[in-house]
Amino acid sequence: LAAHVPHPVAMGIVTFLDTVLTFTFMIPATLIAVAMIAGLDFLKKQEMAEKQISPVAASPGMELSLAELSGYDGTTNGKPILVSVMGKVYDVGGGAGLYGPSGQYHAFAGKDITVACGKFNKSTTSLLNAKWSSLTEDEQSLVTKFEDVFHAKYPIVGAVTDLQNLFAASASEGVQVQADQFSVKLGAELFAKGHVVAA
């Protein structure tokens with residue numbers, strides 16, 4: 001008996017389909033693996049950053065000017081890492097990996113972050129040490145929610161003494177107004193769904 005030899009075109013189509021299916025499943029698997037490796041790398045770097053930073057607890061009753069507050073930015077071992085929300089100074093040293101030099105919130109360390117919290121914006125540095133008198137009602141509500149998170153998570157250790165020296169943030173115009181509104185709405189939704197919590 002002679003063996004049946006498949007037609008070369010049919011073999012080509014099967015091989016092509018097999019290749020397409022293999023890559024179709026390999027690409028998402030590869031992307032997931034890359035994301036997991038990147039996530040593990042981030043966690044390792046954050047853990048290393050926490051080990052490199054040795055903040056000490058702040059003494060309660062501190063009264064700091066904005067200039068003095070800026071010295072507590074997590075770049076000096078043996079000093080507390082502090083932030084201010086609505087003029088209350090919080091010791092965020094327990095989150096040194098977040099607020100220390102390589103942390104995602106390092107820009108906040110040593111600053112009043114009220115307006116940044118109200119606008120749910122951690123990337124615009126002009127919102128730091130800015131006057132909060134121009135915050136909308138929705139933005140003020142978001143600040144209150146952040147105050148609750150900070151109060152539950154970090155000790156209040158003092159107050160900013162020269163709030164009159166907060167500078168006026170540049171007024172939002174055009175597309176920036178829409179971006180602010182979107183960010184505030186997103187922040188409110190994240191709080192409502194329990195994605196931003198003190199624990």
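Guide: If a salt bridge is a side-chain nitrogen of Lys or Arg within 4 Å of a carboxyl oxygen of Asp or Glu, the count comes to 2. Please keep in mind that this is a predicted model, in which local features need pLDDT of at least 70 and side-chain atom pairs count only at pLDDT 80 or more, while totals for chains, interfaces and linings use all residues. Residues are numbered from 1 along each chain as its sequence is written, and side-chain values use heavy atoms, leaving out hydrogens and water.

Let's begin with Lys 88 and Glu 147, whose side chains meet at 2.9 Å, N to O. (Helices, H or I with at least four residues, and strands, E with at least two, are DSSP runs numbered from the N terminus.) Lys 88 is partly exposed at 34% relative accessibility, whereas Glu 147, at 15%, is buried. Here buried means under 20% relative accessible area, exposed over 50%, and partly exposed in between, with a 1.4 Å probe and protein chains only.

The other salt bridge joins Glu 139 to Lys 119, with the closest N and O atoms 3.0 Å apart. Glu 139 is in helix H5 and Lys 119 in the loop between helix H4 (114-118) and H5, so this pair connects parts 20 residues apart in sequence. Glu 139 is buried, with a relative accessible area of 5%, and Lys 119 is buried too, at 13%.

S2 and S3 pair in the antiparallel sense over 4 bridges; strands count as paired if DSSP finds at least two bridges between them. Their hairpin has 2 residues between the strands, and Met 86 takes a positive phi near 55° there. Strand S2 (residues 82-85) is covered on both faces, with Leu 82 and Ser 84 buried on one side and Val 83 and Val 85 buried on the other.

S3 also pairs with S4, in the antiparallel sense over 3 bridges, and Val 89 finds its bridge partner in Gly 158 of S4. S4 (residues 156-160) pairs in turn with strand S1 (residues 62-64), this time in the parallel sense over 3 bridges. Leu 64 has Val 160 as its bridge partner in S4.

Rings of Phe, Tyr and Trp (its six-membered ring) pair if their centres lie within 6.5 Å, with planes under 30 degrees apart counted as stacked, over 60 as edge-to-face and the rest as tilted. The whole structure holds 7 aromatic pairs. One of them is Tyr 90 with Phe 150, tilted at 5.4 Å centre to centre and 50° between the planes. Tyr 90 sits in strand S3 (residues 88-91) and Phe 150 in helix H5 (residues 137-153), 60 residues apart. Tyr 90 is buried at 1% relative accessibility, as is Phe 150 at 5%. Phe 150 also makes a pair with Tyr 154, and this one is tilted because the centres are 5.7 Å apart and the planes at 45°. Tyr 154 is buried as well. Tyr 90, Phe 150 and Tyr 154 belong to one aromatic cluster that also includes Tyr 99, Tyr 105 and Phe 108.
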